[in-house]
Amino acid sequence: MKINWFPGHMHKALKEIKEELKKVDVVLYVLDARIPLSSLNPKLDELAENKPVLFILNKIDMADEERVRALLKNFKGENKDFILFNSNFSKNKLILEKIKKLARKKVEKYLAKGVKPTIRSMVVGVPNSGKSSLVNNLCAKAKAVTGNRAGVTKSGQWLNAGDGVEVFDTPGTLYPKIEDEEVAKKLAYVGSVRDEVLEFVSLADDLFKLLIEKYPKNIENRYPNCKSVEDIAKLRKFVLSGGEVDLERASYMLVDDFRKGRLGKMTLD
Ligand SMILES: Nc1nc2c(ncn2[C@@H]2O[C@H](COP(=O)(O)OP(=O)(O)O)[C@@H](O)[C@H]2O)c(=O)[nH]1
Ligand SMILES: [Mg+2]
């Protein structure tokens, strides 16, 4: 399936993010743990300009942890680190510790002068990866750091995450390499591409083939003896008024089951 999806505002958004990242000490890059490599923008290095990056492997509750760890082997180093995370449940303390470790140069410099440092960070990632959920998780009790009247919400402010760490309140949307059709499809499976531009029968057909190859047991558990989306339609007795199988309904169901994690924990690279 060809996904015709190229947001017109992408270049402008990239420029804006680059500007905003200049004010930041540590970049918090949210990756969907079900598609870690596909949700990564290959131009990150250029954007982040050698700033430390903490990769947040979000939605780990729906992902194959072992596979994620294998894929992320090289995502640890001087200037980068990663953490497996569930923005709806995990404790923000784990992230705050890693942020401070990554910003240690600044921390040490300030402490040597007897000044308590403030570490600034900003969340970026593909649509639907959980950026807003992460900001909420980090700043659960957040008040805007810069002066602001109660009840008035303005964007472009720093929120206090505690422990000397501040988070920019507006996450940045970073699109990955969507010219690559395989990448675009994986983004579509997890719901990072607008559904209006998708053709679900074809998408579900591709998803089914991939899942049966990578995670046959998960498919067998949920859809016993099914070798295609058509078999799923038959199994669930999805029939149209003329007696034909309702392939469209089965296609929506398969994609939705995958997106909601009903097929079990899986990671598609
Ligand atoms: N299961 C699960 N769902 C999550 C997690 N983080 C976010 N979500 C859900 O993913 C959807 C998109 O999250 P949102 O924060 O709006 O993503 P954004 O578009 O990147 O800002 C919402 O339905 C969230 O509840 C997570 O760690 N695990
Ligand atoms: Mg959001």
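Which residue just after H11 takes a positive phi? In this predicted model, that residue is glycine 261, whose phi is about 80 degrees.

The protein chain contains 11 helices and seven strands. Its C-alpha atoms fill a box of roughly 75 × 35 × 35 Å along the principal axes. Of its 269 residues, 37% count as buried. Among contacts between residues at least 6 apart in sequence, 70% join residues at least 24 apart. The domain assignment gives domain 1, covering residues 10–173, and domain 2, covering residues 199–259. The centres of domain 1 and domain 2, taken over C-alpha atoms, are separated by 36 Å.

The largest nonpolar core has 70 residues, and within it Ile56 and Leu254 touch the most other members. At least three residues of this core come from each of domain 1 and domain 2. Leu254 is one of the buried residues of helix H11. When neighbours within four places in sequence are left aside, leucine 254 is in contact with Ala204, Leu207, Phe208, Val229 and Ile232.

Helix H11 itself runs over residues 247–259. Besides Leu254, the buried residues of H11 include Ala250, Ser251, Met253, Val255 and Phe258. The buried residues of this helix pack against helix H7 (181–190), helix H8 (200–214) and helix H10 (229–235).

Ligand 1 is surrounded by 15 residues, and the closest are Ser87, Gly130, Lys131, Ser132 and Ser133. Helix H6, residues 131–138, gives the most to this shell, with three residues. By type, the shell around ligand 1 divides into two nonpolar, 10 polar and three charged residues.

Along the chain, asparagine 50 and valine 26 are 24 residues apart, and their C-alpha atoms are separated by 9.9 Å.

Terms used:
Residues numbered from 1 in each chain as written. Chains lettered and ligands numbered in written order. Predicted model: local features only at pLDDT ≥ 70, side-chain atom pairs only at ≥ 80, totals over all residues. Helix = DSSP H or I, 4+ residues; strand = E, 2+ residues; numbered from the N terminus. Expected span 1.5 Å × (residues − 1). Buried ≥ 20, exposed ≤ 12 C-beta atoms within 10 Å, placed from the backbone. Contact = placed C-beta atoms within 7 Å. Near = placed C-beta within 6 Å. Nonpolar A, V, L, I, M, F, W, Y, C, P; charged D, E, K, R; others polar. Domains from an automatic or database assignment. Core = buried A, V, L, I, M, F, W, Y, C linked by C-beta atoms within 7 Å.
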